[in-house]
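I opened the viewer and kept notes as I went. These entries record what I looked up, one topic at a time.

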Amino acid sequence: MSISAFDINKYIKMQSARIMERVTRFDNKLYLEFGGKLFDDFHASRCIPGFRPDTKVQMLKSMADKVEIIIAISALDIEKSKKRGDLNITYDQEVLRLIDAFTEFGLYVGSVCITQYTGQPLAEKFEKRLHQLGEKVFKHYPIDGYPSNIPLIVSDDGYGKNDYIETTHSLVVVTAPGPGSGKMATCLSQLYHEQKRGIKAGYAKFE
């Protein structure tokens, strides 16, 4: 009989407890950027015996009543039909797949944020499709001098120009179809808008 060194139940219990403890350090609002894959994490499952490809999303499911998900996707990636290499589907198709997958797990997808938006035709077409499916869509825009021009970035002409993403849950998980989609910038933009509204929200990254 083989015994795995990794205890998935212990992992879920400990990680969820630490995340919720982090939420309480702020005004009951934490933006949690997720690095890597939430679904289909076959790399982690190969490296850690006993770790399942959906372990991280199972952990989120244990806190489902507190969790809201924002999916970020770059308009630049939509425009060039960038593909997720392992599944060979475009990033916009992956967003739709993620929405369905999260929903099947009982997790609430609050909105999709299109980043780096400058009116790209395919991004506009994707926005219309999301609206037809009943999804909320918000847009964030390029900022000159990002990320070094701090005075401009942290101003009404920087993050302040972005749409404020309205959320209703204390733990807001920000994920994406792949790297470079603008997850961190989405979180920081939200922190700016929350501060303007008198809410001291926090940020953390789950890697």
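I take helices (H or I, at least four residues) and strands (E, at least two) as DSSP runs, numbered from the N terminus. With those labels, I place Ser81 in the loop between helix H4 (75-79) and strand E3 (83-84). I keep in mind that this model is predicted.

I checked phi at Ser81. The angle is positive, about 55 degrees, although Ser81 is not a glycine. Next I looked at the peptide bond between Tyr146 and Pro147. I noted that this bond is cis, with omega at about 10 degrees. Pro147 sits in the loop that runs between E6 and helix H7 (150-153).

Entry: the sheet.
I traced the strand order. I read an open sheet of six strands, E6-E5-E2-E7-E1-E8, and its pairing is parallel. Which strands form the edges? I found strand E6 (137-139) and strand E8 (202-206), each pairing on one side only. From one strand to the next, I get a twist that averages 25 degrees. Then I picked out one pairing. Strand E2 (residues 67-74) and strand E5 (residues 108-115) run parallel, and seven bridges join them. I also noted that Glu68 stands opposite Tyr108 in E5.

Entry: helices on the sheet.
H8 lies across strand E1 (30-34), E2, E5, E7 and E8, at about 175 degrees to E1.

Entry: H5 against H6.
How do helix H5 and helix H6 cross? I find that the axes of H5 (residues 91-104) and H6 (residues 121-132) come within 11 Å and cross at roughly 20 degrees. Angles under 35 degrees count as roughly parallel, so I log H5 and H6 as roughly parallel to each other. Their crossing is right-handed. I then listed the contact residues. From H5 come Asp92, Val95, Leu96 and Ile99; from H6 come Phe126, Arg129 and Leu130. Sorted by class, I have five nonpolar and two charged residues in this contact, and no polar ones.

Entry: aromatic pairs.
How many aromatic pairs does the structure hold? I count three. I opened one of them, Phe34 with Phe206, and found the rings stacked. Their centres are 4.6 Å apart, with 20 degrees between the planes. I checked where the two rings come from. Phe34 is in strand E1 and Phe206 in strand E8, 172 residues apart, and this pair links distant parts of the chain.

Notes. Residues are numbered from 1 along each chain as its sequence is written. This is a predicted model: local features need pLDDT of at least 70, side-chain atom pairs count only at pLDDT 80 or more; totals for chains, interfaces and linings use all residues. Side-chain values use heavy atoms; hydrogens and water are left out. Axes are lines fitted to C-alpha atoms, for helices over the stretch in contact, and angles run from 0 to 180 degrees between N-to-C directions. Angles under 35 degrees count as roughly parallel, over 145 as roughly antiparallel, 65 to 115 as roughly perpendicular and the rest as oblique. A crossing is left-handed if the near helix is turned anticlockwise from the far one by less than a right angle, and right-handed if clockwise. Contact means heavy atoms within 4.5 Å. Ala, Val, Leu, Ile, Met, Phe, Trp, Tyr, Cys and Pro count as nonpolar, Asp, Glu, Lys and Arg as charged, and the others, Gly among them, as polar. Two strands pair if DSSP finds at least two bridges between them. Rings of Phe, Tyr and Trp (its six-membered ring) pair if their centres lie within 6.5 Å; planes under 30 degrees apart count as stacked, over 60 as edge-to-face and the rest as tilted.
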